[in-house]
Amino acid sequence: MTKGVKAQISEFAETPLDGVEQFLSIVEQAIPDTNELGDDDVLIAVKSSSIGWVDLMMTSGQYQHQPPLPYTPGLEYSGVVQWKGKNVTNFNAGDEVLVDGSKTGPRSPGKYQRYGGFASYAVAPKDAIILIPEKLNFDQACNLLGSYETAYYCLITSGQLQAGETVLIHGASGATGMAAVHVAKLVGATVIATGRSDEKLAIVKAQGADHVINTKATDPEEKCSKFRTEVKALTDGKGVDVVYDGVGGAVSEESLRCVKFGARFLIVGWASTPFVAKGKGQRGAPNANRLPTNLILIKGLKVLGSPMVIATQNNPSIRTQRLADIFKWVEEGKITPYVSHTFALADVKEAMRAKWNGEIIGGAAIRP
């Protein structure tokens with residue numbers, strides 16, 4: 001076999017779904033010529049690549065990182081080492097590895113940005129390569145770092161979550177939300193998890209959440225339920241110590257009525273209001289989320305923007321303990337990424353639509 005295939009985004013679209021439908025295609029991929037690769041490079045035959053919310057937002061240029069066009073999606077992937085440069089001494093051909101998406105792939109800086117995981121082959125620098133822990137398969141491995149590093153940074157580094165506290169985790173059936181449930185339980189916190197599907201929430205509960213709440217509105221005039229009543233009942237009227245909010249919009253505002261005085265409110269994302277920025281890679285935020293400052297004031301809230309990637313770029317030292325703890329928990333069998341769906345690369349559009357439509361629970365993977 002002399003060629004493979006890869007997914008490619010040719011233009012930024014107005015919305016992520018437009019990007020998937022109009023500008024995403026499968027094209028032929030030549031195997032990277034090892035004579036043209038560097039001494040620190042590793043050639044990987046990709047076996048599995050995670051499908052993340054960021055992969056979708058990038059197709060419209062509405063994510064903060066914009067790879068040069070055309071580009072191949074797939075921030076995180078796993079696979080088998082095919083070749084290594086002469087300076088690569090800690091890996092061998094045939095090793096099963098995962099990659100660090102901050103150092104290679106479309107969210108990374110530099111020349112490796114063009115090697116996304118929705119492809120038969122990819123090239124990464126040696127410092128982006130990590131041996132897959134024995135307890136994980138390819139699908140689980142490519143769903144590890146982004147989700148669990150986000151959950152760890154937000155809950156532990158930013159939110160200072162402590163044993164005995166109660167945390168309200170929104171979007172708990174998503175990839176980072178499920179990881180947040182796992183991390184919060186390892187810290188020793190009580191977890192109240194929310195979502196909009198009883199079926200999904202049953203899985204979240206089986207994954208460790210102490211309590212689950214369906215926040216889907218029953219009133220067509222409302223964007224979410226008045227879940228403050230349930231939260232207060234579960235906390236003996238006290239409210240929660242920490243809110244982990246990757247949803248935004250109406251859920252954020254309702255959450256302000258679910259907290260103790262002095263609680264920490266962690267802003268992790270805004271999945272319910274994805275069109276904050278303009279489409280087609282334009283900047284500006286005409287639809288920015290807003291929180292009522294009067295409630296923040298009288299509740300004495302600490303509102304903490306918790307951008308894991310940006311914070312780590314500003315201070316790389318915060319990552320050392322985070323990675324050590326995550327891999328220790330994996331090796332001890334305390335965390336395993338939950339992967340509900342896998343897709344062939346030929347079905348990449350179906351996979352991206354499933355992610356957008358909320359059909360996926362936890363993680364998902366493309367298998368080139």
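An axis here is a line fitted to C-alpha atoms, for helices over the stretch in contact, and angles run from 0 to 180 degrees between N-to-C directions. Keep that in mind as you look at this predicted model.

- Six strands form an open sheet: the 6 strands follow the order β10-β9-β8-β11-β12-β13, and their pairing is parallel.
- At the edges you will find β10 (211-214) and β13 (302-305), each of which pairs on one side only.
- From one strand to the next, the twist averages 20°.
- Strand β12 (residues 259-267) runs parallel to β13, and 4 bridges join the two.

- Helix α6 (residues 198-206) lies across β9 (190-195) and β10, and runs at about 165° to β10.

**Where α4 meets α11**
- Helix α11 (residues 319-331) packs with α4 at an angle of about 120°, and their axes are 10 Å apart.
- Because of that angle, α4 counts as oblique to α11.
- The crossing of these two helices, α4 and α11, is right-handed.
- On the α4 side, the residues that meet α11 include Tyr148, Tyr152 and Ile156, while those in α11 include Leu323, Phe327 and Trp329.
- Sorted by class, the contact of α4 with α11 has 9 nonpolar, 1 polar and 4 charged residues.

Conventions:
Residues numbered from 1 in each chain as written. Predicted model: local features only at pLDDT ≥ 70, side-chain atom pairs only at ≥ 80, totals over all residues. Heavy atoms only, no water. Pairing = 2+ DSSP bridges. Contact = heavy atoms within 4.5 Å. Parallel < 35°, antiparallel > 145°, perpendicular 65-115°, else oblique. Left-handed = near helix turned anticlockwise from the far one by under 90°. Nonpolar A, V, L, I, M, F, W, Y, C, P; charged D, E, K, R; others polar.
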